[in-house]
Amino acid sequence: MTESDKHDGPDRAPPRAVPATSVETACRLLCEIALVVMLGLTVIDVATRALFNFSFEISDEIGGYMLVVITFVSLAVCHINGSFHHVEFVQTRLSERGRTASRILFELIALAACLLLTWQFIRLEMSSWRFDDHAPSYLNTPLWLPRLAMPLGMAALCFALLRTIILDARHLLRTGLDAR
């Protein structure tokens with residue numbers, strides 16, 4: 001197998017490997033659990049509707065909560081696995097040092113945005129506690145519970161971004177020292 005066979009084309013850079021820490025592993029496990037809960041509730045609701053003409057009427061609500069968990073908690077896992085979009089036509093024209101520098105720049109901008117979102121999600125979470133918000137549904141779910149996934153997921157993404165920035169900066173320094 002040649003080097004170009006390991007990725008989609010001869011001009012594409014191979015994906016970089018970023019090892020998962022316990023934070024990303026926990027996030028992946030939470031996403032898997034949320035997916036199983038969502039699928040289980042859907043199967044139970046479909047079966048009870050088909051067999052007994054009865055619905056628990058909570059599958060939509062809990063399914064929505066699980067979707068929020070999967071959306072926010074999976075961000076760190078997606079980042080370390082390289083699942084986010086990249087501007088390939090620019091990246092392929094850069095040297096390895098240029099690709100690393102552009103990744104650092106993008107990750108710094110993303111980290112700043114994620115820190116801002118984390119702060120706002122924490123404020124939302126605190127207001128949910130302060131005002132004792134509850135969902136207007138049969139479950140009367142305290143809204144701090146499903147909203148907790150938002151600041152936790154964004155904080156995990158900030159952690160993953162910080163890790164990759166450090167790894168990329170080390171790589172950039174190493175290649176800079178090797179070039180001399």
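This is a predicted model: local features need pLDDT of at least 70, side-chain atom pairs count only at pLDDT 80 or more; totals for chains, interfaces and linings use all residues.
User: What makes up the secondary structure of the protein?

Analyst: There are 6 helices and 0 strands, so from the N terminus on you read α-α-α-α-α-α, going by DSSP runs numbered from the N terminus (helices are H or I, at least four residues; strands are E, at least two).

User: Why is E24 called buried?

Analyst: Buried means under 20% relative accessible area, exposed means over 50%, and partly exposed is in between (1.4 Å probe, protein chains only). E24 has a relative accessible area of 1%, so it's buried. R163 comes in at 15%, so that one counts as buried too. Over the protein's 180 residues, buried ones make up 34%.

User: And why does L51 count as exposed?

Analyst: Its relative accessibility is 65%, so it falls in the exposed class. You'll find L51 in helix α1 (residues 22-52).

User: How do you know that R163 and E24 form a salt bridge?

Analyst: The rule asks for a side-chain nitrogen of Lys or Arg within 4 Å of a carboxyl oxygen of Asp or Glu. R163 and E24 have N to O at 2.9 Å, so they pass. This pair links distant parts of the chain, with R163 in helix α6 (residues 149-179) and E24 in helix α1, 139 residues apart. A search of the whole structure finds 5 salt bridges.

User: What about R28 and E32, how far apart are their closest N and O atoms?

Analyst: Those atoms are 3.4 Å apart, so R28 and E32 make a salt bridge as well. They sit 4 residues apart in helix α1, which means about one helical turn separates them. R28 has 41% relative accessibility, so call it partly exposed; E32, at 39%, is also partly exposed.

User: Which classes do R49 and D45 get, buried or partly exposed?

Analyst: R49 has a relative accessible area of 46%, so it's partly exposed, while D45 has 7% and is therefore buried. Their side chains meet in a salt bridge at 3.2 Å, N to O.

User: Why are F72 and F121 called edge-to-face?

Analyst: Rings of Phe, Tyr and Trp (its six-membered ring) pair if their centres lie within 6.5 Å; planes under 30 degrees apart are stacked, over 60 edge-to-face, and the rest tilted. F72 and F121 are 5.4 Å centre to centre with 85 degrees between the planes, so they're a pair, and an edge-to-face one. F72 is in helix α2 (residues 59-80) and F121 in helix α4 (residues 96-131), 49 residues apart. Both are buried.

Notes:
Residues are numbered from 1 along each chain as its sequence is written. Side-chain values use heavy atoms; hydrogens and water are left out.
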